[in-house]
Amino acid sequence: MTGRGRGRGSRGRGTGTKRPASNPIPGPSTEGNSESTETGNVAKKPKKFNFYRRGFWGRRGNFFQRNEKRIVIHLPHSIEYDDDDYDITSTEPIVPLECFGTKEFPYFKFYFPEIEYDENSDLIKQINAFGNFFTRNISKYEPHLPEIAEKRTFTIKYRSLLKDQQFMNDFDDFVSHLKNKPYTILSAAGLAMHQIVMTKIQETRIDLEVYRPRLIGFGPIQTVVDANVPENIDTLITVRGTVMRTNGVKIRDMWQVFRCDSCGHDQLVLQENGKRMLPNSCRPGCKNRSLFDIVLKSPYRVFEPVQEICVKESIYADEARSNMMQTIDLFLKYDLVNELAPGDDVVFTGVLRVTHKPGKRVDELKEYVDCVSIAHKNNGCTVRRLDFTDKDMQSIQLIKSAPSPFRLLVNSLSTKIHGMEMIKAGLVLSLFSGMPSFTDVTRDYNQRDNVHILLVGDPGMGKSVLLTACCNVAPKAIYTVSSHLSGAGLTASVRRSKGQVTIDGGALVLAHGGVCCIDELDKKEKMHIDLLDAMERQKISIIKLGVKVNLPARTTIIAAGNPVGNIYKKSKTIAENLKINPALLNRFDLIFIIIRDTNAIPGEKLNRSFTSTQRVLSEKASAIFGAAESTLESFLEISPHEDFIPVPAVLFQNYIGYARSNCFPKMTREAADKLIEFFMELFRKQELLEFFEITTRQFQALRRLAIARARIDLSDVVTIKHVQDIIELTRYSLIDIFTTDSGELESRGPQCSGMSKSRQKMVFWEKLKKIETENGQKIFTMDQLKKIKENLQITLEIHDIIDSLNIQGYLLMIKPNVYKLVK
């Protein structure tokens with residue numbers, strides 16, 4: 001099965017045109033031209049060259065490829081392949097293996113197409129050095145040889161090579177050669193492994209795919225900005241970054257078979273970087289130079305899958321570098337394709353290359369990294385670095401040995417904000433929450449482990465300062481303002497360009513495995529639906545342009561919002577104050593209300609003028625929530641005379657990263673019983689007082705908070721002390737939500753949603769005024785008022801509503817069960 005390698009505008013075989021004398025292509029100008037066009041050494045004036053003649057694939061730019069060097073392997077004879085009878089998976093060799101190399105190294109030409117074989121060269125010594133290294137460590141590789149032969153990839157640890165003294169003696173100046181000549185050295189390792197596999201498995205099938213070593217541990221690890229410099233071109237580098245965009249996978253030719261249109265001779269041509277490279281000439285004795293057919297179905301045709309992704313500066317980098325917009329393209333091949341998604345933090349090793357990008361006037365240079373290996377793919381664990389140094393471990397141990405690491409970290413979160421110890425305690429628990437993905441690959445991620453926090457309050461109360469502080473100490477975090485985001489900017493976008501699907505990650509996807517701080521959550525209601533899906537399912541689902549994409553978004557969300565009118569009214573519910581979907585409020589594990597204490601004494605310290613609420617509770621509220629005073633709050637508070645030294649942000653980051661990657665607490669039976677006891681207590685009081693709804697979602701929130709609390713202490717188990725802290729923190733949050741300014745209990749409906757008592761009375765009053773305006777009716781009977789209440793789905797008793805409106809002078813009783821509306 002063949003296809004013509006001819007462009008448009010073909011006018012037959014040969015034009016009789018003499019090429020310019022500067023053309024370096026040897027041989028006659030065209031096939032079949034029997035007339036001489038030269039007189040001595042003087043060439044006749046050539047005719048105008050037709051760029052679209054056959055053999056140039058109809059593109060003007062490919063004319064210059066005629067002068068480029070071709071990597072060609074001549075096959076000994078041609079074979080006809082029948083579409084129905086030919087089995088492309090046949091293992092019987094059709095041509096001798098020595099055609100592709102030598103007897104000692106049969107596939108030598110595929111690994112080193114531009115190098116002539118010389119048994120005394122340094123290259124052969126390097127190949128033998130790798131072969132001896134694999135032989136000495138055959139116990140590590142032999143169990144995996146069948147898998148290596150199938151996938152054509154294997155792993156080499158850079159440190160293992162450096163520690164092998166025999167290898168370092170056999171390979172002179174290995175480190176310098178690997179950095180400056182990476183393709184040659186890696187090809188030598190691949191050919192050595194190819195020889196080992198052929199010897200051990202005795203493989204006889206013709207398979208021209210080379211073995212690709214995946215080098216792990218090469219350093220130092222650089223940032224995108226530091227790596228993308230001219231000094232690193234064509235050298236091996238290791239870079240850390242965050243995947244920002246992924247494109248679809250392309251399949252392109254690596255080796256292509258061409259058949260001469262005159263003599264039928266087959267030759268194998270290397271297609272470099274996906275460019276179509278045609279043969280320059282046929283074998284000696286044939287005059288054909290441009291008329292070749294592509295053999296589409298051949299066992300010698302080799303494909304390679306390629307995927308291009310865009311990597312930005314890592315979110316783990318310091319703030320100055322992580323905000324830089326510099327990016328670099330990363331080319332993944334073979335088994336590395338489809339391994340990365342937007343938001344993944346990755347450490348990759350590859351060769352920095354430069355290619356020419358056609359421009360309108362001049363060609364531009366485009367840098368990219370030809371990936372060799374992916375050393376570390378962070379897919380859900382917030383680890384600041386791969387290894388912790390001795391100094392890091394000493395600082396971690398120092399924090400752990402403190403009398404109370406929880407108290408130390410809470411007061412180190414934001415030293416500018418005072419008097420909000422309980423709120424900062426909830427934020428610290430959120431930073432330590434979440435479970436890394438590699439702990440259990442079979443785990444169901446629909447059950448989330450991240451603790452989501454919502455801060456609500458008047459402007460100027462330090463909500464943005466607290467969110468910024470969380471971003472500064474979190475190993476991986478993104479701070480964004482909802483008013484500056486679109487739906488795609490929050491989640492992800494899918495677009496199609498030139499037949500390729502491109503996925504751009506939004507804030508939640510880029511913060512995957514970390515923290516996303518969203519300020520001014522109330523400003524964009526359209527975003528709430530997208531946020532709701534990500535908070536509960538821990539992934540972003542997009543169906544667009546015929547493409548269905550599920551992107552991981554196991555992100556801890558810390559949000560802040562301002563109330564309507566910039567004044568929080570405790571007589572209203574949070575849903576009424578924020579104009580947020582009640583279903584979205586259900587996904588937050590802790591909700592804190594921050595308002596200004598209007599009773600603060602003038603001249604008192606600033607830290608006493610900020611509070612969450614006044615902690616004065618009525619008798620009914622105290623029966624449910626317990627005492628107003630919290631032992632945890634008094635324990636966390638720093639006295640003015642105490643000599644307190646906060647933990648620096650860098651040490652805070654290391655401690656969080658170490659705890660999340662190494663500490664996985666288990667719930668003890670005593671702690672579980674304590675949690676269940678508190679949950680059932682709330683459940684029973686809910687049935688008695690009917691003021692809000694308790695579901696299993698609240699119990700799961702308690703479990704997540706308890707695990708995060710134990711992780712702060714680097715404890716392997718959740719103790720009763722940890723559960724007691726969580727119970728006090730949860731009661732603190734409930735007091736803020738379900739009490740009024742005077743400490744009275746206020747009915748709020750399920751999880752702070754619905755209408756408050758005052759709001760229900762106002763709705764009832766507005767309905768009566770509307771009836772008066774439309775019908776002129778001012779007199780209402782008790783039955784009519786009850787019917788209006790039922791239609792409005794108001795939960796309050798009708799007598800409570802009437803008494804309240806009567807006291808305020810809006811509804812007067814003129815006779816028993818008859819009322820008159822008064823302006």
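User: What makes a nonpolar surface patch here?

Analyst: Patches are made of residues with over 30% relative accessible area and no salt bridge, and nonpolar side chains (Val, Leu, Ile, Met, Phe, Trp, Tyr) are joined within 5 Å, like charges within 9 Å. A salt bridge is a side-chain nitrogen of Lys or Arg within 4 Å of a carboxyl oxygen of Asp or Glu. Accessible areas come from the Shrake-Rupley method with a 1.4 Å probe, and for residues only the protein chains shown count as cover. Ile233, Val354 and Leu365 make such a patch, of about 220 Å². This is a predicted model: local features need pLDDT of at least 70, side-chain atom pairs count only at pLDDT 80 or more, and totals for chains, interfaces and linings use all residues. Residues are numbered from 1 along each chain as its sequence is written, and side-chain values use heavy atoms, leaving out hydrogens and water.

User: Why is Ile233 called partly exposed?

Analyst: Buried means under 20% relative accessible area and exposed over 50%, with partly exposed in between (1.4 Å probe, protein chains only). Ile233 has 32%, so the residue is partly exposed. Ile233 lies in the loop between helix H9 (224-227) and strand S8 (236-260); helices (H or I, at least four residues) and strands (E, at least two) are DSSP runs, numbered from the N terminus.

User: Why does Leu702 count as buried?

Analyst: Leu702 has 5% relative accessibility, so it counts as buried. Leu702 is in helix H24 (residues 696-712). Not counting residues up to four places away in sequence, Leu702 touches Leu675, Phe678, Ile726 and Thr730, where contact means heavy atoms within 4.5 Å.

User: Why are Cys310 and Cys371 called buried?

Analyst: Cys310 is at 4% relative accessibility and therefore counts as buried. Cys371, with 7%, is therefore buried too.

User: How many disulfides does a search of the whole structure find?

Analyst: The search finds 0, a disulfide being a pair of cysteine sulfur atoms within 2.5 Å.

User: What makes a nonpolar core, and which residues have the most contacts inside the largest one?

Analyst: A nonpolar core is a set of buried Ala, Val, Leu, Ile, Met, Phe, Trp, Tyr and Cys residues joined through side-chain atoms within 4.5 Å. The largest has 67 residues, and Leu409, Leu431, Phe432, Leu455 and Ile558 have the most contacts inside it. A second, separate core of 56 residues includes Phe110, Phe134, Leu178 and Met193.

User: Which residues of helix H17 are buried, and what covers them?

Analyst: In H17 (residues 527-537), Met527, His528, Leu531, Leu532, Ala534 and Met535 are buried. Their cover includes helix H15 (487-490), strand S20 (539-544) and helix H19 (582-585).
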